[in-house]
Amino acid sequence: MMKSTMQLKQCSGLLMKYQGKIFPVLFILIVNISNAQIVNKIDGYFDSMASSLNDRQRLACNDSIVTGLMSWFINRDNIMSSELDQIKYLGQIISSDSLVKVFSWNIPLSSGDNIYNCIIYNAREDTTVFLKGRKGLPDIETDAILEAGEWYGALYYDIELLCDSENKTYILLGTDPDNIYMNSKVIEILRFDSDGSPLFGGKVFSVRDKVLTRMIFRYSPITNMMLRFDNDRSAIIYDHLSPSSPGFEGQYMYYGPDFSYDAFEIIDRKLVLIQDIDIRDKR
């Protein structure tokens with residue numbers, strides 16, 4: 001057991017050093033414990049992180065979570081399994097073609113900020129990439145293509161395939177629950193370069209006379225915003241956001257749903273803005 005603990009520490013150091021780099025599945029040191037033990041350990045570290053009042057302890061728990069998850073991927077049969085579903089604080093989504101799996105979670109700090117973690121597995125290239133971000137969504141540009149090392153940080157809760165050609169493209173829905181000054185959500189585009197490393201952003205959004213690489217929505221921390229896929233429409237539907245009064249125009253911490261709805265329809269591998277839709281009409 002002492003040997004396994006030492007291997008976990010070595011693995012954690014490597015992950016911190018090479019954050020944002022590609023990890024072939026077999027690169028991580030093998031830890032000789034069972035799947036059930038790994039899952040229980042990861043779940044326990046999440047519980048400890050959630051109950052801790054000390055940032056240093058939270059960060060230490062997170063290092064152990066990352067190490068445990070990456071050791072899980074040593075066994076290719078584990079990657080797409082559902083055994084990790086019992087971990088309540090770990091977000092997991094899988095693409096409809098079963099080629100991409102995304103794990104994301106956050107570390108809440110006593111300052112009110114979040115540190116975000118993400119692991120993306122690309123089955124086509126058999127690569128696993130660990131990402132860490134702290135910036136969040138408020139200051140991210142909507143016309144930039146971002147590499148893995150530039151990842152901002154978000155929790156991804158849904159994924160759909162946009163383009164099923166040789167260069168597969170996916171749509172991610174994500175959230176940045178700041179909960180102090182402003183909440184944010186994102187419609188993100190996920191692609192992969194020739195080495196299997198993720199690229200974020202794609203010039204597929206048609207917004208009136210502009211072409212954007214992603215859509216970011218910013219709104220009040222005391223309200224919520226609907227943003228979801230509607231497969232009946234082949235679209236993404238969402239609450240239209242407006243300021244609580246005209247004097248707050250452009251101050252997004254005062255924005256919220258105004259009981260109207262917009263959508264991005266998926267048309268010829270593009271996302272085309274359609275304003276003021278009737279969400280009851282399924283045609």
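Which residue in S15 is the bridge partner of Asp230? The partner is Ala235.

## Basis of the model

This is a predicted model, in which local features need pLDDT of at least 70, side-chain atom pairs count only at pLDDT 80 or more, and totals for chains, interfaces and linings use all residues. Residues are numbered from 1 along each chain as its sequence is written, and side-chain values use heavy atoms, with hydrogens and water left out.

Helices (H or I, at least four residues) and strands (E, at least two) are DSSP runs, numbered from the N terminus.

## The hairpin of S14 and S15

Strand S14 (residues 227-230) pairs with S15 in the antiparallel sense over four bridges; two strands pair if DSSP finds at least two bridges between them. The hairpin has four residues between its strands, and Ser234 takes a positive phi near 55° there.

Tyr254 is found in the loop between strand S15 (235-243) and strand S16 (255-267). With a relative accessible area of 34%, Tyr254 is partly exposed; buried means under 20%, exposed over 50%, and partly exposed in between (1.4 Å probe, protein chains only). Tyr254 and Pro243 are 11 residues apart in sequence, while their C-alpha atoms are 5.5 Å apart in space. Not counting residues up to four places away in sequence, Tyr254 touches Ser242, Pro243, Ser244 and Phe248, where contact means heavy atoms within 4.5 Å.

Helix H2 (residues 35-51) has 17 residues and reaches 25 Å from its first C-alpha to its last, close to the 24 Å expected at 1.5 Å a residue. The expected span is 1.5 Å times one less than the number of residues. The buried residues of H2 are Ile38, Val39, Ile42, Asp43, Phe46 and Met49. They cover an arc of only 130° around the axis and therefore lie on the same side of H2; the arc is that of the directions from the helix axis to the C-beta atoms. An α-helix has 3.6 residues a turn, so residues three or four places apart point the same way. The cover over the buried residues of H2 includes helix H3 (55-72) and strand S3 (100-108).

For H3, the 18 residues should span 26 Å at 1.5 Å a residue, and the end C-alpha atoms are 26 Å apart, which agrees. At the start of H3, a side-chain oxygen of Asn54 reaches to within 2.8 Å of the backbone nitrogen of Arg56. The buried residues of H3 include Arg58, Asn62 and Trp72.

## Asn117 and its surroundings

Asn117 lies in strand S4 (residues 114-122) and is buried, with a relative accessible area of 0%. A polar contact of 3.1 Å joins the side chains of Asn117 and Asn62. Such a contact is a pair of N or O atoms within 3.5 Å; within protein, one must be able to donate a hydrogen and the other to accept it, and residues adjacent in sequence count only if both atoms are side-chain atoms. Leaving aside neighbours within four places in sequence, the residues in contact with Asn117 include Val66, Phe103, Phe130 and Trp151.

## Aromatic pairs

Rings of Phe, Tyr and Trp (its six-membered ring) pair if their centres lie within 6.5 Å; planes under 30 degrees apart count as stacked, over 60 as edge-to-face and the rest as tilted. By this rule the count comes to 10 aromatic pairs. One of them is the tilted pair of Trp151 and Tyr156, at 6.4 Å centre to centre and 45° between the planes. Trp151 is buried at 5% relative accessible area, and Tyr156 is buried at 3%. Ring pairs link Trp151, Tyr152, Tyr156 and Phe200 into a cluster.
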